Every structure is written in C-alpha cells, then in structure tokens.
Amino acid sequence: EIALLEIEPTIWRRFTVPASISLDRLHDVIQIIMGWTDSHLYEFTIGKKRYTEFPESKEDGLPSERFRLGDLIKQKGRSFDYLYDFGDHWQHRLVLVENRAVPNEYGELVYCLAGERACPPEDVGGVHGFMEFCHALHDPSHEEHLAYQQWAGDAFDCERFDIDAVNWELMHYLRWSRDRYHRVAP
C-alpha cells in the first residue's frame with residue numbers, strides 16, 4: 001500500500017507486484033497507479049540506503065535497476081519511502097501489507113486493488129500548491145478558478161480515482177515492457 005504523505009484526506013493506493021520486481025520497475029508501477037507522468041527524478045529509501053535512477057556517485061544512492069523488492073523487503077508491515085520530484089517533494093510511504101501476490105482474473109501479478117482521491121497534477125507546487133489548487137477548483141469565485149481549470153483540464157476532480165483506468169494503463173505497460181534482466185531470444 002502506498003500513501004502520499006502530508007495531505008488530508010489521504011491519497012492512497014493498494015496494489016500488487018511480484019517480489020521479483022526491480023526498484024526501477026516498481027517506480028514505473030507507482031507512476032501509473034498514483035497518476036504521475038514520470039517527469040521528475042525519484043528515490044527510494046529502504047533502511048539507511050537510497051536507490052535512484054542513474055546515480056552519478058555513491059552519495060546519490062545505489063542504482064535502482066539492480067535491486068529487487070523481494071530481496072530488500074520481506075516482512076509484512078515493513079515500510080519504506082519513495083520520493084518523487086525533488087522540487088515539489090512528493091513524499092510517499094509504502095507498506096508491505098501481504099507478501100503473497102495472487103494473480104488477477106487475467107493472470108497478472110501487477111494491478112491496483114483499491115485507492116482514494118486523485119493524484120496532484122505535475123508541477124502544482126507541492127503540498128501547499130495542491131491544497132490551494134483544490135480549493136480554487138471547488139470555488140468558482142476564486143480568482144484562479146478558471147486558470148486552474150484550463151491548466152489541469154475541465155474534468156479534473158481532486159476527489160476522483162478511476163481504478164479501471166489505472167488497471168488499463170498497467171496492462172498496457174506490462175504488454176510493452178519486459179524485465180531488463182531476462183535474456184531475449186534471438
């Protein structure tokens with residue numbers, strides 16, 4: 001289960017992935033289930049170690065594509081952090097609720113089970129910016145109401161989470177991605 005921290009009511013998702021998923025692929029799944037667009041850098045913090053994409057030095061963390069979730073997190077109830085967009089600073093907490101994935105009706109091990117509320121739009125300005133954004137969208141008399149509506153799209157609803165759309169995107173992602181460590185037959 002993943003929750004976006006510092007926002008009330010909580011924006012959260014419950015999802016399933018195989019233990020063999022690499023952290024860079026877990027990042028891809030999180031981007032889809034939360035509604036992010038993979039436009040910024042990210043970092044996982046597990047214990048005292050940080051994992052990120054293309055670290056330039058040890059101080060930047062370890063390369064996320066080299067580590068599998070099941071090798072790092074095994075115990076139910078264990079939590080770890082995911083930071084997305086170092087500017088807006090979207091801090092997430094992940095908790096291993098169950099360590100036994102069950103395929104869905106299509107045989108997939110990657111899918112979203114539940115969730116609530118819409119993910120903030122990219123570059124909205126962090127927690128404070130998102131709260132102001134939602135307030136303006138809900139108040140037609142707010143001076144930024146029309147500007148925010150045009151910027152985010154008329155159909156954006158801070159309270160809406162479409163699990164079917166998320167699972168559709170996950171299925172699309174699974175069909176077009178492959179595990180980087182499996183050899184492809186010639």
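Predicted model: local features only at pLDDT ≥ 70, side-chain atom pairs only at ≥ 80, totals over all residues.

Trainee: Which residues make the contact between H3 and H4?

Mentor: On the H3 side they are Glu-132, Phe-133, Ala-136 and Leu-137, while H4 contributes His-145, Tyr-148, Gln-149, Trp-151 and Ala-152. By class, the residues of this contact divide into six nonpolar, two polar and one charged.

Trainee: Why is H1 described as largely enclosed by the rest of the structure?

Mentor: A residue counts as buried when its relative accessible area is under 20%. Twelve of the twelve residues of H1 are buried, so the helix is largely enclosed by the rest of the structure. Among these buried residues are Asp-24, Arg-25 and Asp-28, as well as Leu-26, Val-29 and Ile-30.

Trainee: How do you know that the span of H1 is close to the expected one?

Mentor: Helix H1, covering residues 23-34, has twelve residues and reaches 16 Å from its first C-alpha to its last, and this is close to the 16 Å expected at 1.5 Å a residue. The residue that follows H1 is Gly-35, whose phi is positive, near 100°.

Trainee: Why does Glu-6 count as exposed?

Mentor: The cut-off for exposed is over 50% relative accessible area, and because Glu-6 has 64% relative accessibility, it counts as exposed. Glu-6 is found in the loop between S1 and S2, and its phi is near 75°, a positive value in a residue other than glycine.

Trainee: What is the peptide bond between Glu-8 and Pro-9?

Mentor: It is a cis peptide bond, with omega about -10°. Pro-9 has its place in the loop between strand S1 (2-4) and strand S2 (11-16).

Trainee: And what makes Phe-54 exposed?

Mentor: With 65% relative accessibility, Phe-54 counts as exposed, the cut-off again being over 50%. Phe-54 lies in the loop between strand S4 (49-52) and strand S5 (62-63), and its phi, near 50°, is a positive value in a residue other than glycine.

Technical notes. Residues numbered from 1 in each chain as written. Heavy atoms only, no water. Helix = DSSP H or I, 4+ residues; strand = E, 2+ residues; numbered from the N terminus. Expected span 1.5 Å × (residues − 1). Buried < 20%, exposed > 50% of the residue type's maximum accessible area, 1.4 Å probe, protein only. Contact = heavy atoms within 4.5 Å. Nonpolar A, V, L, I, M, F, W, Y, C, P; charged D, E, K, R; others polar.
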